[in-house]
Amino acid sequence: MELNTQFLVDRLVQRMDLDRIFLFQFLDDGRKSPHLLLVVNPIKGVSVRSVAPIIHLCMADMPEIPFTVIWTSDWVSQLKKGSLYYTYASLPSHQLYQSGKKGYPTVSNKLVNSLMEMFVLDYAQGKKVSDEFMVACYSFRSKMDFFQATAMLHQFVMLRLKGFQSMVGVAVGKSQNLEHILKVLLGAVPGLFEIFTYDVHSTRLLRLLDSSYAYSKKKDRIDILEEEFEFLLVHCQALGKAMDDMVDFMNDGVATYRKKQNDRVVQAVQNGGSVDKISVVVDPKHSKTIVAGPPIREDFSGFPWPQKYKDDANIVLDKIYSSYRPEQILLVNYQMGVLSKGNPFEVEAVDQTDGVKIQLYLVVLTKKNLPFSFRQRNFGDVGACMVFLDLPYVEKHLALGSRFVNIVWKKSWILRQKSTFHVQLMPREIDWSCKLERIKLCSENARSVMQNLLMTMTGAPLLMPDTALLLLRELYSIGIQTYLQCAVGFIPKDMDLSALLDWSAIASTDVLDGLLNTHDLNKLILSIILKPQDIWWKSAAMNMDEKHKDLIISQARAVAELYERLLKGLILSIEQRIAQVS
């Protein structure tokens, strides 16, 4: 969707007493994106935040872009104080509108010169000390002292923010609470919350930074796991780099303006004119077209679903997008009663049929690695199984010809996408002959291991029922992981057996149909092995005897036969694919 700024300016001017409007490019999550600066003449009894709904009203039928609102007197004060953010945003080339009233000059040469000298020195000094804390952080990390390493991370971020706050003209006082400081900065620089999201998944981990600093001051300690520290290290480094990039970006913009002004002065002197008559040139008001559309790429309008399912699916996707702010959300497959879209990992697709509920199988593409790889979310009649992949992983495996990433990239529907995401990747063609050999080797080894395990269960003279249940669980685990490796080419990390069984339907429902379309006693056994804690701690209360053991062994044979049949079918389908191509 395109945003015509002239219409937006007209609406804003009609509803508010505006002094200036600036539209400028700013870094948001590492990419350039449009931002608005609105300079509003003060209204008695009204705060700056209270005018935000009016601005959203003006953008109701347009793609929204981030904006900052400031009173005219505060804006002038920020320019006089040498705020780099407001100076950069207020450059003449960024101005869309100026009221007819007598206004303040936007930026003077004297102000810019003093700004460049003062700000570069202050931020550089803070950055130098901040980097020393990062060196100390790595030292404690090498000693496996993750508490002290986290405390050093806190100071690394804190010193960066202290230097950064003067740039955006925000006063945070003596506070050492990172969450508080970031929320204060949110109004001016919302892009920082793309990194430190403080959402339901990351809040507890991010608060470990403030906790480590508080306990360190009291000469006390808390336990911090290595995985927790590594998560914080990645995010703190990303935050530091984002601030450095923003400073450099604005510095370059102001420096470019400064150079143009100096060139005009030199030219005026050479032409015999007066330097005092050199004025700031403001571009006339004009209309710009900015692409800053919403993330929706597919709203299911063309899908053969009831409208309620489409509405529920869009709500699920909006919740996912707002929670994780990914680069893309891709639909790989969906299940509606039976598999509706078909198997994207095979040549032929099954016919679409009506059903009563929908399960979406999604790949969520993020800019950086997250501390989890799989999530499930439901709303109404729609559920979503999500695998999270980071962009570096996708780029690497597309170049390597990875089967799963290649097929996801080529065959998936893009449901949501950031307006700033413009990555163009060329996937390498899959070498199916090479993949076939690997799949044959993998399936043969797995079948041998499963048969050996089955022989152990049937031939053991003193096999107890609880031990038989645990061996059956291992048989299920070997089978489902081998099936995913051969059918899909990807196994999400840190998933339990139940989640793996659910995720297998991304390719087909053959596994679930084979396991669930059976006797009720077999379903009961499956429900027991999905919770191994019940076997460990409650097996004595189950009162199992030899008849139960025989039933477990019988189910083990059926499971081994099911996976052997499915793996043979997979190999045959790939051989047919190769034959069709050749």
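**Close-up views of salt bridges and helix contacts**

**View 1. K308 is partly exposed, with a relative accessibility of 45%.** Partly exposed covers the range between buried (under 20% relative accessible area) and exposed (over 50%), computed with a 1.4 Å probe on protein chains only. The model is predicted: local features need pLDDT of at least 70 and side-chain atom pairs count only at pLDDT 80 or more, while totals for chains, interfaces and linings use all residues. Residues are numbered from 1 along each chain as its sequence is written, and side-chain values use heavy atoms, leaving out hydrogens and water. The partner of K308 in a salt bridge is D312, with 2.9 Å between the closest N and O atoms. A salt bridge here is a side-chain nitrogen of Lys or Arg within 4 Å of a carboxyl oxygen of Asp or Glu. D312 is buried, at 6% relative accessible area. Both residues belong to helix α10 (residues 307–324), and their spacing of 4 residues is about one turn of the helix. Helices (H or I, at least four residues) and strands (E, at least two) are DSSP runs numbered from the N terminus.

**View 2. R204 and E228 form a salt bridge between their side chains, with an N to O distance of 3.2 Å.** R204 is exposed, its relative accessible area being 54%, whereas E228 is buried at 12%.

**View 3. A salt bridge of 3.3 Å, N to O, joins the side chains of K440 and E575.** This pair links distant parts of the chain, 135 residues apart: K440 is in helix α13 (residues 432–459) and E575 in helix α19 (residues 546–581). K440 has a relative accessible area of 29% and is partly exposed. E575 is also partly exposed, at 31%.

**View 4. Salt bridges link K127, D131, R160 and D244 in a network.** Over the whole structure, the search finds 17 salt bridges.

**View 5. Helices α6 (residues 146–168) and α7 (residues 178–185) pack with their axes 11 Å apart, at an angle of about 25°.** That angle makes α6 roughly parallel to α7. The crossing of the two helices is left-handed, a label for a near helix turned anticlockwise from the far one by less than a right angle, with right-handed used if clockwise. Axes are lines fitted to C-alpha atoms, for helices over the stretch in contact, and angles run from 0 to 180 degrees between N-to-C directions. Angles under 35 degrees count as roughly parallel, over 145 as roughly antiparallel, 65 to 115 as roughly perpendicular and the rest as oblique. From α6, H154, V157, M158, L161, F164, Q165 and V168 meet L178, I181, L182 and L185 of α7. The residues of this contact comprise 9 nonpolar, 2 polar and no charged. Contact means heavy atoms within 4.5 Å. Ala, Val, Leu, Ile, Met, Phe, Trp, Tyr, Cys and Pro count as nonpolar, Asp, Glu, Lys and Arg as charged, and the others, Gly among them, as polar.

**View 6. Helices α11 (residues 391–400) and α12 (residues 403–411) cross at roughly 105°, their axes coming within 8 Å.** This makes α11 roughly perpendicular to α12. Y393, V394, H397 and L398 of α11 meet V405, N406 and W409 of α12. In this contact 5 residues are nonpolar, 2 are polar and none is charged.

**View 7. The whole chain has 19 helices and 12 strands.** Of its 582 residues, 51% are buried. Among contacts between residues at least 6 apart in sequence, 71% join residues at least 24 apart.
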